[in-house]
Amino acid sequence: MIPDGLKYTKTHEWVRVDGTEVTCGITDHAQSELGDVVFVELPEKGRVIKREEAFGTIESVKAVSDLYAPVGGTVSDTNRLLGETPETINKDPYGDGWLVKISISGQGELEHLMSAEEYGKLIGEG
Amino acid sequence: MEEKSPRRTPFFEKHKALGARIVEFAGFEMPIQFTSIIEEHRAGRSNVGMFDVSHMGEVTIRGPDALEFVNYVTINDAAQLAVGQAQYSALCYEDGGLVDDLVVYRLVDHFLFVVNAANIEKDYDWIVSNRSGDVEIENSSYETGQLAVQGPNAELVMQRVTNLKLSEIQFYWSAQGKVGGVEALVSRTGYTGEDGFEIYMAAEHGPQVWDTIVEAGKEFSLKPVGLGARDTLRLEMKYNLYGNDMDETTTPLEAGLSWITKLEKEEFIGQEALKKQKEEGVKRRLIAFEMMGNEIPRPGFDILVNGEKVGHVTSGTFSPSLEKGIGLGYVARPHTKSGTELTIVVRGEPASAAIVKPPFYKHGTHH
């Protein structure tokens, strides 16, 4: 499941662009690899992050993984729902399981992202 | 070093067909999960789950001096075993360090050791190198399949597929009979804290036994369970895992296994060192702790008391039953009392925890 309208990173994050604000999460492939997500640590609102910076962690029963910023900018919102129900990431990775919103510093931040087709090739689907 | 390709259990094709996520564990291609670790864990706690545990090793000891020899290489007292009975035990080195933990079965004409997958060759070599008297030692690990059916409904499912009267098999006892028409050893044992059975059969008959139990389990929604939930289930009971919570550098007295260390029985390997350690007192102990916040402890994290390092985490996970982080770790005395406040260093950040009295999960069938 790789929605067409989104952009992707090789570290399995997705990005939905809406003007200068983007919404980020992890892909269906990533949540499936992780298994049951039980804890998510996200950056504070207002934090300035650089592209590819490790800005949070996501833990499943078995393992912990870093979250990498798909774009640089300022964190404008985080998904508070995940504090209580981190399993939302497993159930709806592209919807209610989103992680953070980032105000990007410029359109250049989007240049490095992959299309759905490119990401599909990376993970061997489609 | 020669690259060895991983072994497959008799149930590998079953796991593939079910879409299990397969990982290499202790040299075996094993299912880590079928659908979800949490769902599989809950099946084991509240209903019934089936585990492929064929990676576990089997070593048989036969001959006129078998009992004496078994009692010499293991730390529990095998002389207490009646035919059909099983006991949790361990192998130690001369210095008291652990070679492995194991289950010892006394069967009609031999003893059966069930050992950890990662230690099969090491244990076999150790046992053979200490051979004494008239005994025959055989490694039958790779010709044996093993399944565990665990959970409150385990007996209901298993009774449908066996000619044995399961209600007559007590905890840590076994019987030889038929399961799905196949000759098998069935014991009321497990690694989950719940009621359940472990079933040993010749590897070639494994798939038939699997299919029979799956069929009988349909009515009970029996779920296949992977190694992921096997680990969370055992950890909630504070059952030690060799390689994590104990190894050749730890003794059974440090690992909380005094209850199987029969220092007063006849001579056994490691006895002297363990007697000495008991007299002097252990310097550290394996403790169980719960996190106060929502962090999850992982092996290798430092444990602090009042800012000073007193030990490290050996096992840690998210407990599906308690819905919080739990772990085991070695802590220097005197900081080992339950209630002691600990700091666990989680990727550089301090997190609060407290030592608790095990098991973490108090409602298991066995604890």
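In the predicted model, the centres of domain 1 of chain B and domain 3 of chain B, taken over C-alpha atoms, are separated by 30 Å. Eleven residues of domain 1 of chain B and 14 residues of domain 3 of chain B take part in the contact. According to the domain assignment, domain 1 of chain B comprises residues 11–56 + 142–235, domain 2 covers 57–139, and domain 3 covers 283–366.

The size of an interface is often given as the accessible area lost when the parts come together. Between domain 1 of chain B and domain 3 of chain B, about 1100 Å² is buried, and carbon and sulfur atoms give 59% of this area. On the side of domain 1 of chain B, 40% of the area buried against domain 3 of chain B is supplied by Arg45(B), Gly193(B) and Leu235(B), more than by any other three residues.

The rule finds one salt bridge across the interface of domain 1 of chain B and domain 3 of chain B. Arg42(B) and Glu323(B) form a salt bridge in which the closest N and O atoms are 3.5 Å apart. Helix H2 (37–46) and helix H7 (227–236) of chain B are the elements that give two or more residues to the side of domain 1 of chain B that touches domain 3 of chain B. H2(B) gives the most to this side, with four residues. By residue class, this side of domain 1 of chain B consists of three nonpolar, three polar and five charged residues.

Helix H3 of chain B spans residues 66–73, and its buried residues are Ala66(B), Phe69(B), Val70(B), Asn71(B) and Val73(B). An α-helix has 3.6 residues a turn, so residues three or four places apart point the same way. The elements of chain B against which the buried residues of H3(B) pack include strand S5 (57–62), strand S6 (86–92) and helix H4 (120–129).

Between the chains, the contact takes 13 residues from chain A and 16 residues from chain B. The area buried between chain A and chain B is about 1200 Å², with 50% given by carbon and sulfur atoms. Three salt bridges are found across this interface. Glu59(A) forms a salt bridge with Arg298(B), with the closest N and O atoms 2.7 Å apart. Twelve residue pairs between chain A and chain B are in polar contact, both at pLDDT 80 or more. On the side of chain A that touches chain B, two or more residues come from each of helix H1 (28–34), strand S4 (37–41) and strand S6 (54–60) of chain A.

Definitions and conventions
Residues numbered from 1 in each chain as written. Chains lettered and ligands numbered in written order. Predicted model: local features only at pLDDT ≥ 70, side-chain atom pairs only at ≥ 80, totals over all residues. Heavy atoms only, no water. Domains from an automatic or database assignment. Contact = heavy atoms within 4.5 Å. Buried area = accessible area lost by both parts, 1.4 Å probe. Salt bridge = Lys/Arg side-chain N within 4 Å of Asp/Glu carboxyl O. Nonpolar A, V, L, I, M, F, W, Y, C, P; charged D, E, K, R; others polar. Buried < 20%, exposed > 50% of the residue type's maximum accessible area, 1.4 Å probe, protein only. Polar contact = N/O pair within 3.5 Å; in protein donor to acceptor, adjacent residues only side chain to side chain.
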